[in-house]
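Please look over the model shown below before reading on. The report takes up a few individual residues, then the chain as a whole, and then its pocket.

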Amino acid sequence: MGRVIVAPSILAADFSRLCDEIHRVEAAGADWIHCDIMDGHFVDNISFGPEIVRIVRGLTSLPLDVHLMIEHADHYVPRFVKAGANFITVHAEPEAKHHVAKTLQQIRDGGCRAGLTLNPETSFDLVEPFLDKIDLLLVMTVHPGFGGQPFRTDQMQKVKRARSLNSKIDIEVDGGINADTARLSIENGANVLVAGTSIFHSKDYAMAIRELRGE
Ligand code: DX5
Ligand code: ZN
């Protein structure tokens with residue numbers, strides 16, 4: 001794989017200064033901006049919606065990596081496409097209440113890259129049939145809903161298995177990513193790192209991003 005991609009999750013940013021936060025991570029070397037969308041149903045938290053994504057779109061030219069932790073993603077995909085998403089990732093669990101193959105096609109038809117993800121408790125078998133039909137596999141390394149949780153090493157087996165089955169796909173890890181867990185994830189085959197706390201709660205965003213890349 002090429003260079004490691006770092007995608008800061010703005011969930012951990014200071015929303016009272018969102019514009020400045022986006023400009024700071026961009027100047028610090030961020031590759032993508034990760035937007036965590038939570039509906040209070042699929043996960044036990046509520047974050048923000050398409051309007052904030054549209055605002056972020058106006059603040060940066062970096063690709064927007066939109067992670068939908070919501071029920072009925074198919075109903076909302078067109079709004080995130082319109083808001084300017086580049087990647088849209090949906091959950092594979094039945095509790096997400098959508099037809100996974102149809103939603104992935106809908107994302108592609110909207111001109112976005114399609115991602116699929118699974119919770120730590122979910123079997124890899126649920127995403128394996130889609131590996132050659134998606135652009136990005138997101139392996140959750142915490143149970144989604146909140147930033148700042150500890151990384152789950154047991155999820156590395158999913159990263160390893162996905163990489164052994166597909167050498168081209170982007171494999172992203174999300175949750176508890178710091179310099180140590182980034183290295184472990186990369187060793188197992190991940191090439192995209194989502195990080196909230198370890199970047200936005202650090203003093204020096206550029207140093208935090210370099211450390212994630214192992215530089
Ligand atoms: C978790 C979100 C993550 C989260 C990561 O529900 O999907 O993107 O913001 O935050 P940290 O890096 O703090 O674990
Ligand atoms: Zn996320």
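Predicted model: local features only at pLDDT ≥ 70, side-chain atom pairs only at ≥ 80, totals over all residues.

With a relative accessibility of 8%, Phe-124 counts as buried, because the class requires a value under 20%. Once the neighbours within four places in sequence are left aside, the contacts of Phe-124 are Leu-118, Leu-131, Leu-137, Lys-158, Arg-161, Ala-162 and Leu-165. Between Phe-124 and Asp-31, which are 93 residues apart along the chain, the C-alpha separation is 27 Å.

## Thr-141 and its surroundings

Thr-141 is placed in the loop that runs between strand E6 (136–140) and helix H5 (156–165). Its relative accessible area is 0%, so Thr-141 is buried. Which residues does Thr-141 contact, leaving aside its neighbours within four places in sequence? The contacts are Pro-150, Phe-151, Arg-152, Gln-155, Met-156, Val-173, Asp-174, Gly-175 and Ile-177.

Apart from neighbours within four places in sequence, Arg-108 is in contact with Ala-114, Lys-133, Ile-134 and Asp-135.

Met-207 is located in helix H8, residues 205–213, and is likewise partly exposed, its relative accessible area being 39%. The distance from Met-207 to Ala-28, C-alpha to C-alpha, is 7.9 Å, while in sequence these two residues are 179 apart.

His-72, in the loop between E3 and helix H3 (73–83), has a phi near 55°, which is a positive value in a residue other than glycine. The relative accessible area of His-72 is 40%, and the residue is partly exposed.

Lys-97 also has a positive phi, of about 55°, although this residue is not a glycine. Lys-97 is found in the loop between strand E4 (87–91) and H4, and with 42% relative accessibility it counts as partly exposed.

## The chain as a whole

The protein chain contains 8 helices and 8 strands. Its radius of gyration is 16 Å, close to the 17 Å given by the globule rule for 215 residues, so the chain is as compact as a globular protein of that length. Along the principal axes, the C-alpha trace spans about 40 × 35 × 30 Å.

How much of the chain is buried? Buried residues account for 53% of the 215 residues, and the chain exposes about 9,500 Å², of which carbon and sulfur atoms supply 52%. When contacts between residues at least 6 apart in sequence are considered, 67% of them join residues at least 24 apart.

## The largest pocket

The largest pocket has a volume of about 420 Å³. It is lined by 28 residues, and those closest to its centre are Gly-147, Gly-148, Gly-176, Gly-196 and Thr-197. By residue type, the lining divides into 12 nonpolar, 14 polar and 2 charged residues.

Several elements of secondary structure contribute to this lining. Strand E2 (33–38), strand E3 (64–69), strand E8 (192–195) and helix H7 (197–200) each supply at least two of the lining residues.

Technical notes. Residues numbered from 1 in each chain as written. Chains lettered and ligands numbered in written order. Heavy atoms only, no water. 1 Å grid on protein atoms, 1.4 Å probe; cavity = no way out; pocket = protein on both sides within 12 Å on 5 of 7 lines; lining within 4 Å. Points joined across faces, edges and corners; volume = space filled by probe spheres on them. Helix = DSSP H or I, 4+ residues; strand = E, 2+ residues; numbered from the N terminus. Nonpolar A, V, L, I, M, F, W, Y, C, P; charged D, E, K, R; others polar. Rg over C-alpha atoms; globule rule 2.2 N^0.38 Å. Buried < 20%, exposed > 50% of the residue type's maximum accessible area, 1.4 Å probe, protein only. Contact = heavy atoms within 4.5 Å. Areas by Shrake-Rupley, 256 points an atom, 1.4 Å probe, with all protein chains shown as cover.
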